[in-house]
Amino acid sequence: MNINLTLIGQSITFLVFVWFCMKFIWPPIVAALEKRRLQIADGLAAADRGKHELELAARKAADGLKDAKAQAAEIVAQAEKRAGQIIEEAKQAAHAEGERQLVAAKAEIEQEANRAREALREQVAALAVAGAEKILRREVNAQTHADLLNQLKAEL
Amino acid sequence: MVAPCTTYLLNENKMTQETLTAGEYIKHHLQNLVYGRLPDGTWAFASNPEQAKAMGFMSINVDTMFFSIFLGALFLFLFRRVAVRVTSGVPGGWQNFVETVVEFVDKSVRDSFTSKNNMVAPMALTLFVWIFLMNLMDLIPVDWLPRLAHELGIPYLRVVPSTDPNITFGMSLTIFVLTLYYSVKVKGLGGFLGELTLQPFGKLALPANLLLEGVNLISKPVSLSLRLFGNMYAGEMIFILIALLFSQGVILAVTGGVLQWVWAVFHLLIITLQAFIFMTLTIVYMDMAHQEHH
């Protein structure tokens, strides 16, 4: 247990080891630790950002859904209104058509009646002429008496 | 008391196997393998304690020096392997462990060292792991490596470098020189001498101040190295004493086995604690060297 050169040897060894550790061991490891610390901090920040963005997106989606619902409701209401309108218009058109057909039918009936009346009148006139011939027992000259006959026909 | 089982011990004059007394056994375990100049002028390994003593300062404890360098190199190798391919991604098993140690040391330095010096943290790491490894040699059963060395023809072998005051003083004196260097560098020579002479009692009591502060200054490296040396030396001594029981019959041998295990478990705490204390005090001394006033 003498103090001897081992003391000096250990001192030199110590300094060399410390130098080596300071040069080649400590810096890379501490740098890696620091880098990982930053990476973790970044990761946490990114996670926070992601969460925030998710919240925003959810809010946006809810807003969009609300808008879409309102829009759909509006469209349905409009459609209903339009359907009512169409029905109303169809009703009116049908009504008008009915009227028109009624009027046309009435006109036709009138016409038919007139025609019938005309035919009747001519037949009555013919009958009257025939009657008159029989009464007069002489032939009425149709050509000579056309004026007279026509006048009679018109009066009937 | 006689320890018949320790018959392998080599003695220059008694090459044959024989029994040693307990005193001889202990003395043998505490004798370094010393290389130095013999009285006749040749350089050789000392073959007995008297020769080793006669070599004086110009000799070297080959065993503790070897284990000290080997363990320090082992530390550098193991940590350098991580440093080469360190990743900031998911760390592997060994990198994980190394990072834990580095972070622990880094935190200790941050807590105690307030100035800026890139050397302190690596020095603290080196000291902590190196001293821990040196202390850890204490847990190898005391006879194994000396026995192996004996088979290889090496007469003495002490395997725990931190039980050699040369090793502990080598470190603490180097740290002492570093603290002096940084004291002068940071405070200037005047500031440093002022700290030594002008306080705590003021200018008039200069000799008293110098005495007080001088003792204070010198006590740091001495206590730093003696604390480590004392703890490890005492621990090793107890292991040696327990090992003596192994040759005292079955009952005592079993008792010795149990005691050795118990002491090893307890010692595990001591070796870690001593490494930690040495590191922490080094950081504190370096911090004091960097402080303008204390």
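1. The model is predicted, with pLDDT of at least 70 needed for local features and 80 or more for side-chain atom pairs, while totals for chains, interfaces and linings use all residues. Residues are numbered from 1 along each chain as its sequence is written, and chains are lettered from A in the order in which they are written.

2. Chain A has 2 helices and 0 strands, these being DSSP runs numbered from the N terminus (helices H or I, at least four residues; strands E, at least two). Its radius of gyration is 61 Å, whereas a compact globule of 156 residues would have one near 15 Å (taken over C-alpha atoms; the rule is 2.2 Å times the number of residues to the power 0.38). Along the principal axes, the C-alpha atoms of chain A fill a box of roughly 195 × 25 × 20 Å.

3. The contact draws 29 residues from chain A and 42 residues from chain B, counting C-beta atoms, placed from the backbone, that lie within 7 Å.

4. In helix H1 (residues 22-29) of chain B, the buried residues are Tyr25(B), His28(B) and His29(B) (buried: 20 or more other C-beta atoms within 10 Å of the residue's own, these atoms being placed from the backbone). Seen down the axis of H1(B), they fall within an arc of 95°, so they line one face of the helix; the arc is that of the directions from the helix axis to the C-beta atoms.

5. Helix H9 (residues 250-290) of chain B bends by about 25° at Phe266(B), the angle between axes fitted to the seven residues ending there and the seven starting there.

Definitions and conventions
Buried ≥ 20, exposed ≤ 12 C-beta atoms within 10 Å, placed from the backbone. Contact = placed C-beta atoms within 7 Å.
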